[in-house]
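Open the model in your viewer and keep the selection tool at hand. The stops below run from a whole chain to single residues.

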Amino acid sequence: MATTVDVNGRPLNVNSAPDTPLLWVLRDELGLTGTKYGCGVAQCGACTVLVDGQAMRSCQMPVSAVGAAKITTIEGLGGTHPLQEAWVKLDVPQCGYCQSGQIMSAVALLAQTPKPDDAAISAAMDGNICRCGAYQRIRAAIKEAAAGPAVQPVAAKA
Amino acid sequence: MNKPLTDIVRAPTRRQALVVGATLVGGSLLVGCSIGDILSAGSRVEVGAFGPFLKFAADGSVTVISKHIEFGQGNHAGLAAIAAEELDADWSRVSVEQAAANAKLYGNTMMGGTQGTGGSSAIFNSWTQLRTAGAAARAMFVQAAAAKWSVPAAEIKVANGVLSHASGKQAGFGDLLDEAARITPPEAPVLKDPKTFTLIGTDRVRRKDSRVKSTGAATYTLDVKRPDLLVAMVAHAPKFGAKVKSFDAAAASKIAGVVAVHEIPTGVAVVAENTWAARQGREALKVEWDEAKAETRGSAQILASFRDLASGKTAAPEKGGWKPFDSRGDAAKAAAGSNALEIAYDFPYLAHATMEPMNCVAMVGKGPTRLVFGSQAPTMDQINTAGIVKALPGSIQIETLFAGGSFGRRANLKSDYVTECVHIARKVGGGRPVKLVWTREDDMRAGYYRPIVHHTVRVTTDAQGFPATWRHRVVTQSIMKGAPPGMSGGDIDPTAVEGALGSPYLKATPIVDAQLIMPDVGVPVLWWRSVGATHTAYVMEHTIDQLARRAGKDPVAYRRALYEKAGARRHIAVLDLVAEKAGWSSPAPAGWTRGVAVHESFGSVVAQVAEVKLENGQPRVGRVVTAIDCGTAISPDQIAAQMEGGTCYGLSATLYGEITLTDGVVDQGNFDTYRVLRNSEAPTVETHILPSTNPPTGVGEPGTPVIGPAVANALLTLTGKPTLSQPFVKA
């Protein structure tokens with residue numbers, strides 16, 4: 001079944017079966033492999049993307065449910081987003097596998113709460129597991145980015 | 001991680017080399033060949049003018065070739081810095097490339113020359129090798145410049161990738177590339193005096209991969225793209241040791257995108273055009289299993305059997321009975337004596353639960369067999385693959401990618417998930433790439449856990465309250481059992497007792513009777529970040545605090561006295577450093593209680609002071625002060641990162657980690673049932689590195705085993721009660 005999804009500001013045709021989770025459409029059909037599979041049951045956050053600016057677990061969203069929503073993946077941040085710069089500056093990643101999801105959750109957080117306190121960071125980031133335990137640096141990098149100029153909501157850019 | 005490989009293959013005898021070689025090449029003895037020669041036969045890896053570890057480009061940039069996989073430990077930064085230091089390269093123009101599989105070129109000197117990453121050995125086994133490679137290349141460029149400029153080589157300086165002479169002449173590596181490449185590398189180049197290091201040990205040594213890992217651009221196995229790629233998923237038996245009896249693929253074959261269903265030794269594989277179709281196809285499979293040889297016990301039964309062995313309720317079998325691993329003085333006295341502290345500890349199975357579940361891409365049937373994945377032990381993976389495709393191990397090509405964590409899981413003597421992929425790719429044939437994808441549930445239920453471990457300890461004390469006799473019984477599955485010829489652990493599997501064996505506390509005790517028994521269990525087990533120390537550090541360190549408490553002594557002072565008796569100078573140094581930095585002599589912040597622990601593993605000694613409190617009856621860990629002696633610090637920032645991450649990994653297991661089985665079936669399948677540490681539960685780790693001029697030692701693992709006992713010791717102070725089983729928080 002052919003349908004169109006708006007990914008990173010571009011309307012893209014997809015042919016995956018309607019029940020296919022958005023995660024596998026992004027990865028297998030559109031080749032956007034920055035979004036990772038970690039658990040398949042919305043427990044780990046590795047597959048986090050923005051859906052109309054909200055952080056969502058793409059492993060639990062059938063592509064048929066996307067409709068006209070604007071999807072933003074890690075690739076859609078452009079590579080020099082203030083959070084990505086903070087991640088690089090503080091050498092946050094270790095194995096790096098969870099970091100796309102971590103960053104997407106943090107983007108949604110800062111769009112809503114530009115100067116988050118510890119409780120806000122915990123609430124936004126506890127759904128993203130990092131088995132390397134880079135949590136301390138993730139928190140520091142969010143604060144680093146939040147201390148800079150206001151972070152623009154990404155979906156609006158598209 | 002694979003400390004066992006480290007220990008057992010460290011110094012293979014000639015006979016072992018021949019045995020391994022004969023096993024590999026179908027029985028023909030290759031007299032006069034080294035393991036590296038044998039295992040690299042058939043390899044097509046080419047080496048450039050500057051040797052296997054360095055490449056230079058015309059623009060002057062430098063590529064350091066890493067024989068070790070990067071799966072988070074930061075070793076690529078450290079390895080590159082070692083070579084760059086001796087080269088006097090411009091650090092900003094140094095990049096890292098992953099080496100191909102070739103045991104002769106890229107063998108781990110701590111693993112008897114097989115190529116592999118583990119035992120926290122990447123930096124220390126490469127230290128001299130990469131310094132030499134860097135110094136040799138530097139000498140070649142200097143000699144080339146001297147000839148070109150007609151000046152004495154001794155007058156040429158190198159700094160930041162630029163060679164210069166007082167006459168005003170200067171050139172970069174790229175300018176002299178052709179001339180330098182023609183110079184014979186010096187056999188024994190002069191290495192720098194460490195006092196003159198300008199890069200090593202500075203905060204400039206930072207990761208090279210943070211950018212690609214922050215933009216989604218880094219390629220992991222799951223991300224491999226090929227035009228004709230197929231994706232496979234495998235239905236595995238619910239119980240370990242079961243086999244396929246029969247299967248019905250009719251429904252699976254009707255799923256759009258499913259192209260084939262194949263029986264393989266580990267189950268039934270569904271091969272499809274994409275991941276979702278493979279998954280839907282597997283859901284539709286009907287498989288019947290032959291469980292005649294399956295392990296059908298539950299984990300509670302297995303643990304109970306271990307406890308009964310330790311208590312003597314069950315007699316040890318004649319074969320495979322108790323084996324002493326440390327003994328001193330009259331063992332009978334260790335069983336006697338009044339007023340003993342008698343305690344028993346239990347540790348559960350633990351899954352590694354890497355963020356990226358196990359996966360692999362294999363191409364079989366057209367030209368050399370080729371694997372593309374995060375290979376932690378390329379030589380083992382070559383050997384195991386070669387056995388399936390009937391080829392020389394060295395001819396198996398492996399392209400190693402970043403891996404989304406390992407913690408020991410990806411170095412497997414049986415190459416379990418790798419061979420599974422090879423079997424499927426062989427059935428598919430034609431060299432068509434097949435990507436094996438494990439779901440989280442596949443990964444968590446596939447075994448290769450940190451084994452269940454039981455310790456019973458009985459200690460009597462002298463008039464000052466120090467240990468006088470120490471009786472120790474360890475019951476656990478052997479990790480090394482079943483290893484290939486020349487690699488088995490013998491009577492004592494070192495991975496079962498390391499950390500108890502060699503403990504300064506045992507050295508300081510006049511009478512010691514320490515024994516190990518390794519019962520057979522049908523659940524596959526494996527090294528898990530810090531291996532034996534995951535339990536021995538806990539047992540030794542928590543026991544010591546209980547003894548200090550009985551003696552009415554301060555835990556730091558008590559440890560210090562025992563280290564003095566044992567001559568454990570490095571332990572004293574990190575203990576003093578951590579006590580000073582944590583403010584041990586002053587009260588803890590209001591509401592927090594401190595606990596201390598110290599442990600040596602993988603050549604490094606780590607001390608931690610953890611600040612702990614109880615919230616809703618559950619431990620919360622706040623500040624964790626860490627002191628480490630890891631010899632020469634290459635990258636202080638990455639050492640700190642490993643202390644932060646290792647502490648989280650250890651704390652996650654201590655608080656929550658537990659795989660259980662009911663009637664042989666694993667109960668957990670995903671992060672909803674296998675709880676792991678989350679962001680808000682992570683402590684704030686401060687790292688203090690002991691200045692040292694010794695060669696570098698391990699960093700990836702030594703930060704993991706100390707937090708558990710440090711937290712337990714804080715809880716002991718807070719509640720007066722020891723914590724004798726993990727995890728602390730039961731599901």
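Start with chain A and trace it along the sequence: the pattern reads β-β-α-β-β-β-α-α-α-α-α. That comes to six helices and five strands. Helices (H or I, at least four residues) and strands (E, at least two) are DSSP runs, numbered from the N terminus.

Two notes before going on. This is a predicted model, in which local features need pLDDT of at least 70, side-chain atom pairs count only at pLDDT 80 or more, and totals for chains, interfaces and linings use all residues. Residues are numbered from 1 along each chain as its sequence is written, chains are lettered from A and ligands numbered from 1 in the order in which they are written, and side-chain values use heavy atoms, leaving out hydrogens and water.

**Chain A as a whole**

Show the C-alpha trace. Along its principal axes it spans about 45 × 30 × 25 Å. The radius of gyration of chain A is 15 Å, which agrees with the value near 15 Å for a compact globule of 158 residues. This radius is taken over C-alpha atoms, and the globule rule is 2.2 Å times the number of residues to the power 0.38.

Now colour by burial. Of the 158 residues of chain A, 57% count as buried. Buried means under 20% relative accessible area, exposed over 50%, and partly exposed in between (1.4 Å probe, protein chains only).

Chain A exposes about 5500 Å², and carbon and sulfur atoms supply 54% of it. These areas come from the Shrake-Rupley method with a 1.4 Å probe; for residues, only the protein chains shown count as cover.

**Chain B: two threonines**

Select Thr469(B), in strand 19 (residues 467-476). Its relative accessible area is 7%, so Thr469(B) is buried. Which side chain does the side chain of Thr469(B) meet in a polar contact? The partner is the side chain of Thr460(B), at 2.5 Å. A polar contact is a pair of N or O atoms within 3.5 Å; within protein, one must be able to donate a hydrogen and the other to accept it, and residues adjacent in sequence count only if both atoms are side-chain atoms. Show the neighbours too: leaving aside residues up to four places away in sequence, Thr469(B) touches residues including Lys333(B), Arg458(B) and Ile511(B).

Move to Thr495(B), in helix 16 (residues 494-497). Thr495(B) is buried, at 2% relative accessible area. Its side chain makes a polar contact with the side chain of Asp493(B), at 2.6 Å.

**Chain B: backbone stops**

Go to Asn160(B), in the loop between strand 4 (157-159) and strand 5 (162-164). Its phi is near 50°, a positive value in a residue other than glycine. Asn160(B) counts as exposed, at 51% relative accessibility.

Step into strand 5 and pick Leu163(B). Leu163(B) is buried, at 0%. Draw a distance from its C-alpha to that of Phe173(B), ten residues apart along the chain: 7.7 Å.

Next, Ser530(B), in the loop between strand 20 (511-517) and helix 18 (533-551). Is Ser530(B) buried or exposed? Buried, at 0% relative accessibility. Ser530(B) is not a glycine, yet its phi is positive, about 85°.

Finish at Pro727(B), in the segment after helix 22 (707-719). A cis peptide bond joins Gln726(B) to Pro727(B), with omega about 0°.

Notes. Contact = heavy atoms within 4.5 Å.
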